[in-house]
Amino acid sequence: MKFYMPTVVYDEPECVKAHAFELASLGKKALIVTGKNSASRCGALSDVTKALWDNDTPYCIFSEVEENPSVETVLRAAAFGKANNADFVVGIGGGSPMDAAKAAAFLMKQDSPEAEMLYDSNFPSSHLPVAEVPTTCGTGSEVTGVSVLTRHQKRMKKSIPHRIFPALALIDGKYLYSAPHSMIVNTAVDALAHLVESYLVKASNDYSRAAVMEGLHVWSRSKEVLAGERKPEAEDCSNLMRASALAGIAISQTGTSLPHALSYILTYEMKMPHGMACGYFLPGFIAEADKKDRKAIAKAACFARPKEMYSFIRDVLSLDEIVVPDEILELAYRTVLADRKRLEGCLFDADETVLGRIAGRSTADGTHNNQL
Ligand code: NAP
Ligand code: FE
């Protein structure tokens, strides 16, 4: 059994301030990578700049990362960082800026960065040190080595093969206080998908499952918030961020499975938010698992039975109001069907028929498994 998680994690209120010296010690000059607005609105950017300033560490800021960051954006961030002689990278935001920060840290290590290096698995994966400050509660990118980028040339999103684990993750629930309900729901469902998918792949082991079980438990404490039955309190924000990090720890060992693989086409073609796109396939995916696994997952997330869990996911995402055109479902199905490794990695037997049901292709009786 193997467990490898080299990121130092601080998960506590005001952790950026408390660990400012450790952050600044990653190098001599920081490239800060953010999205357009939220890093500054939620207060994380000023916390990070103050932490660096207080430790006499200069920085430059690249604040142009879009949702589902493209290879082109990452190249621009790396060029900007290199031109400013930055020697470490701080990503602030959701998965998009955090993933872009990792890819930029990889490119900045190269003499002449080029797009092809990102997807070339033969290319050495060395990179500048990275710190991550999450402001959503979904991707767990602060503790994974994964960077998912959009390749417009291939009309697709895909993880790069290089593993770029952050040196430092600074997790503070307060950055969620300003977040809209829809963003919290979408990203919390992404974390749930990570937990469930990690549990249902052959690569899972006792270590990854420990993270999954605790993650589901912590996640379940804020179900009423996700269902819109009460407003989030500080503790909910911490719990949702912690569940997301535990889910990240789990997938950093096992990878994700079919809902993620199927989701990328919906995000690319329909601009569907990442968590919602994964959640679209999640009930159908769980329903295909062994009875004992379905029950264990539902129980850990404090649902009386798996069916309650499926309805919960469908309701919080309002999936009944979403129509995914058949041709997009077919494209998602065809893409994943060609990915033998994904299918074989699944804990249950995911043959063509099973994948077809999860992908929501029409069956003879007109039902879709994801309409459970
Ligand atoms: P995101 O794409 O980073 O951000 C979504 C939106 O939320 C953006 O408009 C962003 O605004 C806003 N936002 C972020 N934090 C906010 C806050 N605290 N308050 C208000 N608004 C806020 O969303 P994400 O779901 O976290 O990341 C999705 C990406 O991560 C996808 O590309 C996905 O493929 C990837 N992913 C990576 C991993 C991994 O292991 N690395 C795992 C799963 C998914 P701004 O644009 O202004 O920042
Ligand atoms: Fe995800």
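Which residues coordinate the iron ion (ligand 2)? In this predicted model, the iron ion is coordinated by Asp190 through OD and by His194, His260 and His274 through NE2, at 2.1 to 2.2 Å. Donors here are N, O and S atoms within 2.8 Å of the metal (3.2 Å for Na, K and Ca), and water is not among the atoms, so sites may look incomplete.

Residues are numbered from 1 along each chain as its sequence is written, while chains are lettered from A and ligands numbered from 1 in the order in which they are written. Local features need pLDDT of at least 70, side-chain atom pairs count only at pLDDT 80 or more, and totals for chains, interfaces and linings use all residues, with side-chain values based on heavy atoms and with hydrogens and water left out.

The angles among the four donor atoms of the iron ion run from 82 to 170°, and the site is irregular. In sequence the donor residues follow the spacing D-x3-H-x65-H-x13-H. Aspartate 190 in helix H8 (residues 181-199) and histidine 274 in helix H13 (residues 274-287) are 84 residues apart, and the pair links distant parts of the chain. Helices (H or I, at least four residues) and strands (E, at least two) are DSSP runs, numbered from the N terminus. Both aspartate 190 and histidine 274 are buried, meaning under 20% relative accessible area, with exposed being over 50% and partly exposed in between (1.4 Å probe, protein chains only).

Leaving aside neighbours within four places in sequence, phenylalanine 312 is in contact with Trp219, Lys223, Leu226, Ala227 and Phe303, where contact means heavy atoms within 4.5 Å. The C-alpha atoms of phenylalanine 312 and leucine 226 are separated by 9.3 Å, although the two are 86 residues apart along the chain.

Two loop residues remain. Asparagine 85, between helix H5 (71-83) and strand S4 (88-93), has a positive phi near 60° and is exposed, at 62% relative accessible area. Serine 318 lies in the loop between H15 and helix H16 (326-337); its phi is positive too, near 50°.

How values were computed
Four donors count as tetrahedral if all angles lie between 85 and 135 degrees; four count as square planar and six as octahedral if opposite donors are over 155 degrees apart and all others between 65 and 115; anything else is irregular.
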